[in-house]
Structures are given as C-alpha cells and as structure tokens.
Amino acid sequence: MSAQTLGVKSLGSRFKLSGGGSGILIALIVLIAALGLASPRFLSLGNLTDITRQAVFVAIIAFGATLVIAMRGIDLSVGSTLAFTGLIAADLMNRGFNPFASVAASLAAGTLIGIVNGVLVAKVKIADFIVTMAMMVMTRGLIMVYTEGIPLTGLSNPTFQMFGQGFVWLVPMPVLITIVTFLAIYFLLYQTRFGRYTLSIGSNPEAARLVGIRIDHIKITVYALTGFLAALSGVLLTSRLEAAMPEAGEGYELDVIAAVVMGGTSLAGGKASLLGTAAGAILMAVVRNGLNILNVNTFWHQVVIGAIILMAVCADKFGGRLKEA
Amino acid sequence: MAKPEQALKITGVGKRFGATNALFNVSMNLAKGEVLGLVGENGAGKSTLMKILAGAHVPDQGEVEVNGVHVDIREPADAQRAGISIIYQELSLFPDLNAVENIFIGREISIGTSPRLTSPLRKKAMRDSAQQILNKVLNVELDLDCPIGALTLAQRQIVEIARALNSNANILIMDEPTEALEKAERERLVRIINDLKRAGKSVIYVSHKLDEVLTICDRVIVLRDGACVADLPASALDVSKVIGLMIGGSLGKQFPAKTSPGVNPILRVEGLSRKGAFQDICFNLHEGEILGLAGLEGSGKSPLVRALFGDGTADAGNIFLKGKPVAIDSISSAMRSGIAFLPAERKTQGIFAEHSVGWNLTASSLPKLGGIRLNQGAERSWCIKYIKEMGIKSEGPHQPIGRLSGGNQQKVLLARWLLTEPEVILLEEPTRGIDIKAKADVYQLIVASSRMGKGVIVVSSDSTELIGLCHRILVMFEGEAAGILDASSASEETIASLSIQRTYEGTRGG
C-alpha cells in the first residue's frame, strides 16, 4: 500500500491515527497491560484468542457503521439484521440447501435490508434514526414470529461450521474474515472516490451536492454495505454457535456506535478513523473479558462499559480542544 | 470624561482573524438621538464591528463605553444589558409565535413578585405593553394575534424593532434594513427612525445604499480594510465622495483590462422558464465573454444561474452549448456538459472545512484520478500546480482549508472548478466577504479564464463589480430579463433602475 507516498499522507485522509484514534490506542494498551498485571490468565494465548473472537462480530459491523457515521448517518438496525440474516442462513441449511447458497442468501438479505434503509433515508428523506429504528424493531419482530422465540439449532454441516470455527494456519476463520473486511473498507475509505464522497457528504452535504456527488447513490450504497456486513457477522455468529438465536445481536447497534465513536469518528460526520474503530471494538471486548476474568458482578459490566464510553468521548473532545489551542 | 449625551464611545477597537486584520484601531462616538451611518465595502469591517457591539465577537483590543460607563461585551447577553440591540438582516424572530410573544420572548411578564419559570404569564399586561410600543412609540398598527410568519417582511422588521425597544435598548443597530423593502415600507422605516431619534434612541445604520444613508443619517463613518477612513457629517458628503472613500480611489486598478470576446456563442439560452422563478430568458454567451447577472434578491438571478447548473431545472426553454442542444436535468449532467458553478455561500455550500486544501481542490474532478483507486500522486501534483498558479497562500495541499483566509478559500474553490476544464463558468457572488487584495486576484483569475475562451457568467449584487469586470450585464426584474446592458455604457444608476422597474429606454430583451 502506498501509505508512505507523500500524496496520501499530506491530503489528510486519516492514514495515520490522530486525535481520538491515538487516544483509544493508548487506552487499549494501558488496559491490556493493567489486566495482564491483575490476572496472569488474561494474557494467555487462549484468552487473547477468545477476546479477538468476541470482538470480530461487533468489529465487522462497526467498519460499515464507520462509513455511515462519517456520512452523518446512523444505523440502529444492524443488531436485528445480524439475527435475521443468521436465521435465514440457519433455516436454509436446515432445509437442506448448500451451505454456500445459504450464506449467499443471507448476505443478500442483509444487503437488501441496507438498501431499504438507504432508499428510505436518501430518497424518501425520512430521518435515518427513525428508519433504522423501525427496521430494527420490525426485523426483530419477524424473527420472533418465525421462531416463536426458540433458537434454531442442529447446524452440524462441517462446511458451514468452518465459517465461524475454522482456522487458516493458526488464525481463526472469523478473525481472518475480519482482517480482510478491514483492509477492503480501508481501501474503499481512503483510496477511492467512494470514500472521498462519503466523507464529503458528512463534511458538508450541500457542498457535496454542488460538486456533483450523487448523494442518494452514495448513501444507499453505504447503508447496503453496512447491511451486508451485519449479515456477514450474522453468518459467522450462527456458524460459531451452530444455532440461530432469536435474541442474537441485541444491543449490538449500541456497541457498534460506541466502538466507532470511541475510535475517533465524529458523530458530526466528515472524518473517520477505521483503525480507531477496530481499536474501539477490541476495547469493548477486552473490557467485557477483563470484567469476567476479574469476577466482577455482571450487573456492574454495563456500568463500567457506559463509563468507559463516556470517558473515551470526553478524552477525545478534550484532546481535540488542546490541539486547537 | 465622556460627555453625558454620549450614548456610545468606542476607542481603539481591533480584531484579527488568523492572518487578516478585520478591524484595526477603530474609534467612534454616537450621541443620544443620533443616527450614524456605517458604510464600507464587503470585508471592510462593518459586520465585525457590529458583531463586537452585539457580543458575537470579542475584540482583541479597545474599549467600549455606554453612557460614559465602560462595558465589557463578551457575549450577546452583555450587549443586551448594555442596551445595544441589533436588527438583523436575517430576521431572528419565531415565525409561529405572534407579535406579543415575539416582543416579550425571554423577558415575559409573569404573576408574582419573583416569578419562576413555571409562573403563569400575565398575557394582558404583555399585550397592552406591546400595543403601547407599537402604537405610541412606533406609530404603527399591527395584528397582534397573527403568527409572525404570516406577516410581511416589513411588519416583522417592526416587531423586531419593538422587541429591541421592549428590552430597553437605547442603541439600535440596523443591518441593511431596507434591502428587501418596498418603497412605501422604506418610507415608513425612515419615519420610524426619526421617531426613535426623537425618543432619544441612537441608531447605527449599516447599508450599501449610499444615497439612503446620506439622507437618513446625521453622520457617516466609512470603513476601509478594517480601518476608519472618514467620520464626517452627512451634509459634507455625497455619494461619489463616499464611494471614493470606500475604495480608496483605486477603482480603476482593481479590475484587469477587458479583452474583447470572441464571436462564437458558447452558450445560448432560449426562452428558459421556471414557474415562479424566471420567465422567458434569452441570451447568448460568447467565447471569452464575461456576462454579468444583476437584480435584486428574488429577481430570479440565482434560480436562473442554478438552473443552468442543473440545480432545480427549467420547465421550458432550450439551452445550447456550442450550438448543440443540451438537456441539463441534474448537476452531474451539467458537469458533463462542461459547466462549472461556484456558489455564493462559501462556508455552507463550498468548502469541506475539516479537510485539506488538496481534498477541496480536487473534489469535483475525482473521476479524472482513476477508475477505482485514486491516483494520489497525480492529485498532489495538480494541487501544487494550482496552488502556485492561482497564488493561493497556504502551507501546501495538506493544510486544512478552514485555516485559510476567505480570499484564499475562494481561490481554492475557483481552482476546484477550473480543474474540471469547463466551457462555461457560473460564479455566484465570487468576491463576497473577501478582502480587496483577494478580490483583485479573483478578478484576474476570472479574466484569465475568459481569455482562454471560456464563457463566464457572474452573478453579483455589487454593480461596481459587474461594470468593472463584465462585458455585458443582464439585469433581471421579477423573473424576467429587464434588459441587457453594455458594461461600457452602463452605470450603477442604470442597473439599479432596471432592477426595480421593468422597462428602461427600450433596452428590453436581448
């Protein structure tokens, strides 16, 4: 990658972590070191693998959500989409379809949900918050109608299990898929017109329109991509659990937004740090894992996570101010 | 010691924005019952001075005294406490509330001696008090129950003045108060100003309409490049003297020499119409020609130029580029046809503030940088080339555009469109809010593009600019072309009279 050519760096795409991005990276390192000191078990290879495996489901979606948020949008439907598409894959498998066909159908369904979101936001011009919230509720409702709240189990096909449980050399398959996704989105965001346009829309929508950017096309594409990634995450989770859980992905939309915002992407749009998002997703998993290892009461987990989100965003804001001054 | 009748005294006020000295060592007095005119070109420092008095900007140096007492105006509430009130051009009223509610907004009368936020309102008292201000002080009748949004602009302005008076303002700053008013409404405003004067209120009257300033005001202050260059009684001035003071006598040098345009029309517009915006517009734009577009706000000049860029399309009529008919139904189709458009509002419609100069410069030319992956090396060399050619003062392509001065930002935006290699360049208020030096640079760049055979249309509310820069000027009135003037024989007066009335000595059509 030509990250080192002057052109890339100097045009100020977030090639290097800066501002919020570096804050989160430091926080992550400090936290890992502290947890390592507190419990030797934390730094064991097994546990670190666990953390990464935990982080990937949020991370994959958060890469898409980074684009959505950089475009001044929001997508609350991702958690439900994950469960819905996971269910589609599981159901098709149970009906005897080929695993690849099932996965393809699942990914297509996720993309379709994203397109519907995008069309309602960009063409019908309904507020993104409302559209994706309605989609979140509706999709979850459909899942409940279909499953009556009972998990769909018995996914014993080894090919399907490979997606969530397989290894390539020593790397777990979901981790590998996450890395590939990261690189692909990274390329899209910083090296293509599509990425520029997405950030331009977030930076100044009116100016973006007046330089000839087809705002509606870009918006629909970004929502579609996020739907696709939610489905990808759904497939990995279903394959990992060998079951489609009706309540899978509940609250993911908030974890995803937290990861993106902690990573330094501003809700005001215009700027994005994909590396920051990855760090944010890992941080969330590290915190959950650390609290488990330290035997903290699960009810306290939410309190701690909420506090960390607040601290990360405050630090970001404060750091930004210091830089301006 | 300040004389007791002094309402406002400003001493040595200065304000910098980055590298620009917006205001430099400005001092002025305002007596009680005096109307003071404040004039100057865009960017001369008028609005900075007003914003300092209104508490929107904090000055770097200088002192403000109200009624002989030093006041520290750090925020709008301080200005209000000091009795200073601005009647804004963009009216700052609540359209869904009625006149009484608007007049009392933020200072409602409630029942009880120390009312709380939840205390019941004394609606009758507020209504009577509003009535009193409107009828007795301002001598106007107004429907007090009608939501403000349904009133005319002039009536809303009166409500705004009443609100200022109700907040015990003694110093009223009026920013282009007559810009959108009809003749009768203007006369009423002049009467109101005289009434205010008699009531001992002081008025700072900011306007571009110099003849009006000279008739209404007692004294006139002229600002140029952030400094006060004249403070004279209105009786000692006339319009041409004021213009001379405003531009420092450099009118001739400001505009580059005109070149003669080619004979081939590059853009031909025939019978272009959009209901409610503009009707039956016909004109030719030749190679190398700069065509001015003049007219008041609402005359249709802005919708017309935007329609040529596919931003809101026409219902009827034809557009020909180099003799071939083109369908412009979207911005992208206009861009494909080789049309470029620089919008008037640089901040809200032009720049991507958090991104770099380079990013901003290439924003409309990215397709040229490769199919999928952007060729960022080529991008950088384009940027360096344009930054040099256009004399953009910056640290290089990586500097955030938000840190540049308005003039340099404007040059980047101009470069953005030149980079698309357009045939026709549409410019909306290309020099609004930039300093005189940058203005001259922008004029040079516009003329340089015209020399390359491009057709240029300049929409501007500044007649001097249109006369100095353009070959011909199309004046619009109520959506129609009131006439096309030859710039060599046009004057501010002819443009102004065409702008406010349809027929003018048979120069109709074009």
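Student: In E5(B), which residue is the bridge partner of Glu65(B)?

Tutor: This is a predicted model. Strand E4 of chain B spans residues 61-66. Three bridges join E4(B) to E5(B), and the two run antiparallel. The bridge partner of Glu65(B) in E5(B) is His70(B).

Student: Which strands are the edge strands of the open sheet in chain B?

Tutor: Four strands form this sheet, in the order E2-E1-E4-E5, with antiparallel pairing. An edge strand here pairs on one side only. That picks out E2 (20-31) and E5 (69-71) of chain B.

Student: At about what angle does helix H1 of chain B run to E2(B)?

Tutor: H1(B) covers residues 46-54. The helix lies across strands E1 (6-17) and E2 of chain B. Its angle to E2(B) is about 65°.

Student: Within what arc do the buried residues of H8(B) fall, seen down the helix axis?

Tutor: Helix H8 of chain B runs over residues 239-247, and its buried residues are Val242(B), Leu245(B) and Met246(B). They line one face of the helix, because they fall within an arc of 100°.

Student: What do those buried residues of H8(B) pack against?

Tutor: The partners include one helix of chain B, H7 (210-216). The list also holds strands of chain B: E3 (35-40), E9 (219-224) and E10 (227-233).

Student: What is the radius of gyration of chain A, and how does it compare with the globule rule?

Tutor: Chain A has 14 helices and two strands. For 325 residues the globule rule gives 20 Å. The chain comes close to that, so it is as compact as a globular protein of that length. Its radius of gyration is 19 Å.

How values were computed: Residues numbered from 1 in each chain as written. Chains lettered and ligands numbered in written order. Predicted model: local features only at pLDDT ≥ 70, side-chain atom pairs only at ≥ 80, totals over all residues. Buried ≥ 20, exposed ≤ 12 C-beta atoms within 10 Å, placed from the backbone. Arc of directions from axis to C-beta. Contact = placed C-beta atoms within 7 Å. Rg over C-alpha atoms; globule rule 2.2 N^0.38 Å. Pairing = 2+ DSSP bridges. Axes fitted to C-alpha atoms, helices over the stretch in contact; angles between N-to-C directions.
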